[in-house]
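Here are my notes on the model you asked me to look over.

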Amino acid sequence: MPTSKTHKATLAEYELALLWGSWVELGVSGWQRTHSNWTIDPEPLIIRTAALGDADPRLRDEALDWCIHNWRYASRVRLRNLLRGQGDEADEAWGRFAATVNTHSKARWPNATQGIRYVVTSRSSLESMEQPSRAWIRLRAMFGLGARTEILRYFLSGQRRATVATIADNVGYTKRNVADECDSLEKAGVLKMRRMGNRFYYTLGRTAELRDFAGAIAPIQPAWTSLFNVTSTFVALEAASETLPADALMVEAHRVTRVLDDKLDALGIEERPRLVQRDDFWPTVRDFADKYMSSWSAGQWMPNEGEIKLTS
């Protein structure tokens, strides 16, 4: 990240720093470790990186290298489900990214189109999965790819109880897949089911045993899809602010805050930008985005947490 006192980082730069820090934790060749306290979720990270296209060619190329060598740890089904609802530009960028991975590996990632010219570098390294930041990758090495593993990940991230619908919304698999796997996990004693009113809730049945078996998990475990929805929306709004008339920008800033309300809730962020003066809402939204995204880019979760101590 830029450190010059005369340079105010853009929201796009903050997001790139978040992406770089996340990829480094998965073994991508980068400058330094900043996100060792974050447990990285690969599919949302892959999708957002692909959507940026040529915005940072080195990041794209290093991410491609990782995906080509480690595609076995990324769920094709989950990628397909999470890709739904992207814009045309993001779809086009994804198509090129997926096609490039497919060309240089045995992956068969969905929605691939025409790959880019690419030379595999083999700089990525995922020799060990013991690092706490790689816990979700480690679960896949233990239990394989699929809804079952993602259900376990959901509960290991601190969720106490949830319905099938809630779990499905958070893990990137269909309700039918989740319902079938929850039923199997309940029969195995891994999950418990409890009826409350007309709803059925699942909880972990063997929490201590599963946590011991799963190993160390980094403490910061955001809802990654919501996180990148927030960052990408703010980055797009910042770009629009350079060309939109003041009145149109104010309307768009209001729309964005409404759209992101549920996403911010999913991240546990209760604060919202507040309208004080009619003409000052975009600066207010921009300051709000800067406050959180600057923290995320540096490996902190909430603002003013102080320095994060990195692990080896």
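Which side chain meets that of R140 in a salt bridge? Point 1 starts there.

1. It is D41: the side chains of R140 and D41 form a salt bridge at 4.0 Å, N to O. By salt bridge I mean a side-chain nitrogen of Lys or Arg within 4 Å of a carboxyl oxygen of Asp or Glu. R140 belongs to helix 6 and D41 to the loop between helix 1 and helix 2, so the pair ties together parts that are 99 residues apart in sequence. Helices here are DSSP runs (H or I, at least four residues), numbered from the N terminus.

2. Before going on, the ground rules. This is a predicted model, where local features need pLDDT of at least 70 and side-chain atom pairs count only at pLDDT 80 or more, while totals for chains, interfaces and linings use all residues. Residues are numbered from 1 along each chain as its sequence is written, and side-chain values use heavy atoms, with hydrogens and water left out.

3. The cut-offs are under 20% relative accessible area for buried, over 50% for exposed, and partly exposed in between (1.4 Å probe, protein chains only).

4. R78 and E43 make another salt bridge, with their closest N and O atoms 2.6 Å apart. R78 sits in helix 4 and E43 in helix 2, so this pair ties together parts that are 35 residues apart in sequence. R78 counts as buried because its relative accessibility is 1%, and E43 is buried at 0%. Now put the two pairs together: D41, E43, R78, R140, E150 and R153 are linked in a network of salt bridges.

5. The whole structure has 21 salt bridges. One of them joins the side chains of E15 and R48 at 2.9 Å, N to O. E15 lies in helix 1 (residues 11–25) and R48 in helix 2, so parts 33 residues apart in sequence are tied together. Both E15 and R48 are buried.

6. Back to helix 6. Its buried residues are A135, W136, I137, R138, L139 and R140, and they pack against helix 2 (42–52), helix 3 (57–70), helix 4, helix 7 and helix 10 (207–214). M142 is also in helix 6, but it counts as partly exposed because its relative accessibility is 33%.

7. L145 is in the loop between helix 6 (135–143) and helix 7 (147–156). Neighbours within four places in sequence aside, L145 contacts R72, Y73, A74, S75 and R140, where contact means heavy atoms within 4.5 Å.

How values were computed. Helix = DSSP H or I, 4+ residues; strand = E, 2+ residues; numbered from the N terminus.
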